[in-house]
Every structure is written in C-alpha cells, then in structure tokens.
Amino acid sequence: MIILGIDPGSRITGYGVIDASGRRPQYVDSGCIRMKTDEPMANRLLTIFQGVDQLIALYRPEVLSIEEVFLHKNPQSALKLGQARGVVMCAAAMAELTVAEYAATRIKQTVVGRGHAAKEQVQHMVQSLLKLNRKPQVDAADALAAALTHAFHSKLGGLV
C-alpha cells in the first residue's frame with residue numbers, strides 16, 4: 001500500500017510517500033511544495049493543487065493521510081491552512097483516493113510517543129523509523145509522520 005502523507009501550509013506544503021505493503025514501512029520520497037509568498041492566495045492554492053496532483057499521478061497512492069484541522073490562535077492562519085487542506089483533499093477526491101485524517105496529537109503520539117512532541121523529535125523519529133541517512137526537512141518529516149500514522153493504524157484494523 002502506497003501512502004501519501006501531506007502537511008499542508010499556505011507557504012510550504014510538505015509531502016512524504018511510503019510503501020506500507022511489507023512488514024515495515026519503506027521510504028519512497030519526500031519534499032516540499034513551496035509557494036511564492038508575494039503571490040495571491042489563489043495562485044498559491046493552485047500551486048498546492050497542481051503539486052499534489054502530480055504526486056498522485058507519479059506515485060499512485062491508495063491513501064492520502066493528512067492532519068485534521070486544529071484551532072489556531074490566529075484566525076487568518078487557520079483560514080489559510082483550511083484552504084490549503086481543502087485543495088489537497090480535492091486533488092485526492094478527484095483521484096478517488098481514500099483520505100485519512102488524524103489529529104496532530106495523534107500523529108505525534110504514534111511516531112514519537114508523546115502527543116505534544118517538538119518538531120525536532122518528529123524529525124528524529126521519522127529518520128529512525130524509516131532508516132534515513134539524514135533528517136528530512138521539518139514539513140516533509142511531518143508529512144512522513146502522517147503517512148506512518150496511517151500505516152500503523154490501518155494495520156490495527158481499518159481507518160482510525
């Protein structure tokens with residue numbers, strides 16, 4: 001099972017692809033879709049959509065795993081995050097992918113063992129679990145963590 005994990009953002013959207021068909025998840029690819037901050041929001045959303053669409057076409061995942069919406073101190077930031085999530089989920093729906101959503105605390109709990117772990121801890125554990133030579137970028141590590149969370153919980157008996 002190929003899983004595409006996404007860490008949506010209006011400036012940087014992280015992605016991580018793993019193959020969870022074996023006993024242990026295997027690293028396939030990860031990186032970031034970067035937007036120009038001086039572009040209008042509509043153009044940034046188009047960049048995210050096109051980037052995710054290309055990833056889906058390239059890796060043919062069965063599932064897209066994404067962090068659930070969380071309450072944010074800054075309403076504008078929360079709105080932009082919601083818009084970024086929306087275009088990611090739209091790209092997944094157009095490709096008829098299953099979309100699995102997990103709370104940020106659940107992702108951190110699954111990968112690190114603590115629901116309020118720091119980003120550096122997530123990077124370290126993703127590197128360790130996937131046996132990577134170096135730490136992935138922060139946004140890519142968060143996306144890989146989302147993919148790993150789905151791999152783990154789906155093996156426990158379906159979507160969680």
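User: Which residue does the UniProt annotation "binding site" cover?
Analyst: Residues are numbered from 1 along each chain as its sequence is written, and side-chain values use heavy atoms, leaving out hydrogens and water. As the model is predicted, local features need pLDDT of at least 70 and side-chain atom pairs 80 or more, while totals for chains, interfaces and linings use all residues. UniProt positions follow this numbering, feature names are shortened, and annotations may be inferred rather than shown by experiment. In the unreviewed UniProt entry, "binding site" covers E67.

User: Is E67 buried or exposed?
Analyst: Buried means under 20% relative accessible area, exposed over 50%, and partly exposed in between (1.4 Å probe, protein chains only). E67 comes in at 18% relative accessibility, so E67 counts as buried.

User: Where is E67 found?
Analyst: Strands here are DSSP runs of E with at least two residues, and helices are H or I runs of at least four, numbered from the N terminus. E67 belongs to the run covering residues 63-67, which is strand 4.

User: In what order do the 5 strands form the open sheet?
Analyst: Two strands pair if DSSP finds at least two bridges between them. The pairing is mixed, and the order is 3-2-1-4-5.

User: How many bridges join strand 4 to strand 5?
Analyst: These two strands run parallel. S65 stands opposite A100 in strand 5. The strands are joined by 5 bridges.
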